There are 2 protein chains.
Amino acid sequence: MPLEKDFGGFKNILIIGLGLIGGSVAVSLKEEGFKGKIYGFDLNTERIKKAVEIGAIDEGFSDFRKVPWDKIDLVILATPVKTFLEIGKRIKPYLKEDTVVTDVGSVKGELVKQLEKILKPTVFIGAHPIAGTEKEGVENAVKGLFKGKKLILTIDREDKYTQKVEKFWTDLGSKVEIMDPYLHDFVFASVSHLPHAVAFALVDALINLSKEKGVDLFLYPGAGFKDFTRIAASSPTVWKDIFLENKKEVLHTIDEFVKSMEKLKEYIQKEDEENLINLLSESREKRLSLD
Amino acid sequence: MPLEKDFGGFKNILIIGLGLIGGSVAVSLKEEGFKGKIYGFDLNTERIKKAVEIGAIDEGFSDFRKVPWDKIDLVILATPVKTFLEIGKRIKPYLKEDTVVTDVGSVKGELVKQLEKILKPTVFIGAHPIAGTEKEGVENAVKGLFKGKKLILTIDREDKYTQKVEKFWTDLGSKVEIMDPYLHDFVFASVSHLPHAVAFALVDALINLSKEKGVDLFLYPGAGFKDFTRIAASSPTVWKDIFLENKKEVLHTIDEFVKSMEKLKEYIQKEDEENLINLLSESREKRLSLD
């Protein structure tokens, strides 16, 4: 018999940052029948207004002093990752002893370790839902965004708090997986941050090639090109922060990718058909295995 | 009043190469009510069988000597581009004086010039439909594949033959555009060949990164990753040939792309937020303009 949906037993939730992901957590909770209050925090009062209008949150705040902290037992950081440490310091004095702080950020590693330190004795549990769209803002929030999607918890222990956070996400439909925070940053540098960097760089190259020949290459978006570059339409602010916060792993994966690119170039240059077809075939097999 | 659909007045057509594109031309012609015979040529007799079975062609051949050349007034080269010159030489003796030869290849430039020479006095008209899928073979042929899609004719003159070929494609729903064959190769190296090279190299890098850390990165295909790498599932043989046939332009666009990648890397390395956000924002704007 499946467990009752209780979202880990959290009564009232504060979501800090009413962007696409924060908003999607809120509307998904409502959709799934979460009974408690959902509070929102955002410095942008327009976003709060919109979030209330679309029924994502019950009440919003732009001043931490006005938040009803005594009612809140789960805080979700959903702002850009670079703001996490500062926000951690700002909210710490207000937190009840058994409030849990978690996040939805794409970078973990050192950041998780620092947040754990800052918030102590309050528990911080790093979480990363592998879900999203290239759109921004609470107005683009998607109900059920996390259903069937992986969610990484970067914890090294199993206690009542981690079980509660795990249940919270499971009840939103996520498939929870535990991972070391440093391995997490390597994995997502590879499968997410690198592809975004590549998409941005590819469009940049086409802008420059267009100038070189005085022809607007974007008039010829052949088969696959739109799909391929869709993620280059992602938020520049969000991605600047991710690239910088996960700098070490991102630079490493870019180096590895440039090596592959140079290898491919060399095979073409030398007309080395055997190595060329091997590289293309191996990539194709691997990609097909994903479908 | 729109012109009657007469497919340029061609009576009977020979499609050489029963792959995805050749097959899609055939099934689209049938779908649109082409009245003449469609003959197919392929060295692979299995492919001929399939093409007849699915009703793509009326009759197929694996030996040029058996083709009813006296009936054919349009020949479409739909094999890998590297075979074009050899096929041109092979079929030349059989061609009637007013038969038109065209193609559906992704590389033009020098190849077009050479084919024009080889086939003279028979007319060769280079054509490149900007349409396709990552699948292969006549069994994956798509009716209406060319509808609403661009088709590039790489000609430098307007005569009765080019008008006929133009009408042929317009009647299949294509939006015909005339372009210099050398400019064509630069444009499609940039918007098609480079993105394919990048997708293959990206998957290759992830294979290597997986080995490095002993973790299967392909278990974590986050948001956007599948779309982004879909074209890496394209045919290795087709793409090896395209990369080699359009070598000069492909190498040039790879160099330009690696420059963009290194620039992005430098901004991340130096934490140069201003230049980083400018690059990401410009790419985003340009990409959004495509939707």
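Modeller: Happy to, and let's begin where the two chains meet: between chain B and chain A there are 12 salt bridges. A salt bridge here is a side-chain nitrogen of Lys or Arg within 4 Å of a carboxyl oxygen of Asp or Glu. Before going on, this is a predicted model, where local features need pLDDT of at least 70, side-chain atom pairs count only at pLDDT 80 or more, and totals for chains, interfaces and linings use all residues. Residues are numbered from 1 along each chain as its sequence is written, chains are lettered from A and ligands numbered from 1 in the order in which they are written, and side-chain values use heavy atoms, with hydrogens and water left out.

Colleague: How far apart are the closest N and O atoms in the salt bridge of B:E273 with A:K240?

Modeller: B:E273 sits in helix α10 of chain B and A:K240 in helix α8 (residues 236-245) of chain A, so this pair joins two chains. Helices here are DSSP runs of H or I with at least four residues, strands are runs of E with at least two, and both are numbered from the N terminus. Another salt bridge links B:K82 to A:E273, with 3.8 Å between the closest N and O atoms. For B:E273 and A:K240, the value is 2.8 Å.

Colleague: How much area do chain B and chain A bury between them?

Modeller: Buried area is the accessible area (1.4 Å probe) that two parts lose on being put together, summed over both. Contact (heavy atoms within 4.5 Å) takes in 92 residues from chain B and 92 residues from chain A. On the chain B side, B:Y220, B:F228 and B:R287 lose the most area to chain A, together 9% of what that side buries. In total, with 71% of it on carbon and sulfur atoms, the two chains bury about 8700 Å².

Colleague: Which element gives the largest share of the side of chain B that touches chain A?

Modeller: The rule finds 32 residue pairs in polar contact across this interface, both residues at pLDDT 80 or more. (A polar contact is a pair of N or O atoms within 3.5 Å; within protein, one must be able to donate a hydrogen and the other to accept it, and residues adjacent in sequence count only if both atoms are side-chain atoms.) Elements of chain B that each supply at least two residues to this side include β8 (150-153), α7 (225-229) and α9 (247-269). The largest share, 24 residues, comes from α6(B).

Colleague: Now chain A on its own. Which strands stand at the edges of its six-stranded sheet?

Modeller: This open sheet is parallel, in the order β3-β2-β1-β4-β5-β6, where two strands pair if DSSP finds at least two bridges between them. For instance, β5 (residues 100-103) and β6(A) pair over three bridges, and A:T102 stands opposite A:I125. Two strands have a single partner each, so one side of each is left without a neighbour in the sheet: β3 (59-61) and β6 (123-125) of chain A.

Colleague: What angle does helix α4 of chain A make with β6(A)?

Modeller: Angles run from 0 to 180 degrees between N-to-C directions, and axes are lines fitted to C-alpha atoms, for helices over the stretch in contact. Helix α4 (residues 109-119) lies across β4, β5 and β6 of chain A. Its angle to β6(A) is about 160°.

Colleague: Where does the cis peptide bond from A:K120 to A:P121 put A:P121?

Modeller: The bond has omega near 5°. Chain B has a cis bond too, joining B:K120 and B:P121 with omega about 5°, and B:P121 is found in the loop between α4 (109-119) and β6 (123-125) of chain B. As for A:P121, its place is the loop between α4 and β6 of chain A.

Colleague: And which strands are at the edges of the three-stranded sheet in chain B?

Modeller: This open sheet has the order β7-β8-β9, with mixed pairing. Strand β7 (residues 127-129) and β8(B) pair in the antiparallel sense over three bridges, with B:H128 partnering B:I152. β8(B) and β9 (residues 175-178) pair in the parallel sense over four bridges, and B:L151 stands opposite B:V176. Pairing on one side only are β7 and β9 of chain B.
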